[in-house]
Amino acid sequence: DLARGLVSSFTAAISGGAQYRKASFLLDSVGEQVFPDFVQLREQPFLPRALASANFDGEGVATRESSLVRDGVIQAYLLDSYAARKLGLRSNGHASGVHNLGLDSTGKSFDDCLASMQRGLLVTELMGHGVNTVTGDYSRGAAGFWVENGKLDHAVEEVTIAANLRDMFKGIVEIGNDVDYRGGIHCGSILIDRMMIAGSD
């Protein structure tokens, strides 16, 4: 759920509404490398029995398979017809959100990702709404487990994690193969190289 929320912050920033209102830290970002080059984000609206499959969006515009991010580079905005007109572009079938947006795994399991991290915080719960899609600033209350030597060590609560979304996106190290297929975004656990962690013993 939490990894999917990180992808949602990205899709909010590349939405047509955020673009024409100039309310995004990823303004005019098509063609820009925002993620490491191994990151692929693909939309597959025709997957059988998937929860977000659809032939048309909420305005009747046909959906299509596409890459939102290829080799870490943004390929398109998410446009409904109104936002498309405001930007001088054409709708690409996103009046009702994304349709089975999949973040490709780097091939490692959840346990492999913990082993790669060695020492850090596994976040299992987030609190508050400290995500600013205009500046990219990210600050949330968090709980989870401290990891030592690649293994869960002890529970952690009442801490704050903070960074900028640009740094978080560029700092993705691994994407797990523990994919959650519920909802319109399909992704596994995401390992980020560093964030600020604040709290007390």
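**Basis of the report**

A residue is called buried under 20% relative accessible area, exposed over 50% and partly exposed in between, using a 1.4 Å probe and protein chains only. The model is predicted, so local features need pLDDT of at least 70 and side-chain atom pairs count only at pLDDT 80 or more, while totals for chains, interfaces and linings use all residues. Residues are numbered from 1 along each chain as its sequence is written, and side-chain values use heavy atoms, without hydrogens and water.

**Gly-176 and the cysteines**

Gly-176 is buried, at 0% relative accessibility, and is placed in the loop between β8 (172-175) and β9. Helices (H or I, at least four residues) and strands (E, at least two) are DSSP runs numbered from the N terminus. Leaving aside neighbours within four places in sequence, Gly-176 is in contact with Ser-105, Lys-108, Cys-113, Gly-188 and Ser-189; contact means heavy atoms within 4.5 Å.

The whole structure has zero disulfides, a disulfide being a pair of cysteine sulfur atoms within 2.5 Å. For Cys-113, the nearest cysteine sulfur is that of Cys-187, 12 Å away, which is too far for a bond. Cys-113 is buried at 6% relative accessibility, and Cys-187 is buried at 4%.

Among the buried residues of α1 are Arg-4, Leu-6 and Phe-10.

There are eight salt bridges in the structure, each defined by a side-chain nitrogen of Lys or Arg within 4 Å of a carboxyl oxygen of Asp or Glu. In one, the closest N and O atoms of Arg-4 and Asp-180 are 3.0 Å apart. Arg-4 belongs to α1 and Asp-180 to the loop between β8 and β9, so this pair ties together parts 176 residues apart in sequence. Arg-4 is buried at 17%, as is Asp-180 at 16%. Asp-1, Arg-4, Asp-180 and Arg-182 form a network of salt bridges.

**The five-stranded sheet**

The strand order β3-β2-β1-β4-β9 describes an open sheet with mixed pairing; strands pair if DSSP finds at least two bridges between them. Strands β1 (residues 41-43) and β4 (residues 101-103) run antiparallel and are joined by three bridges, with Glu-43 opposite Leu-101.
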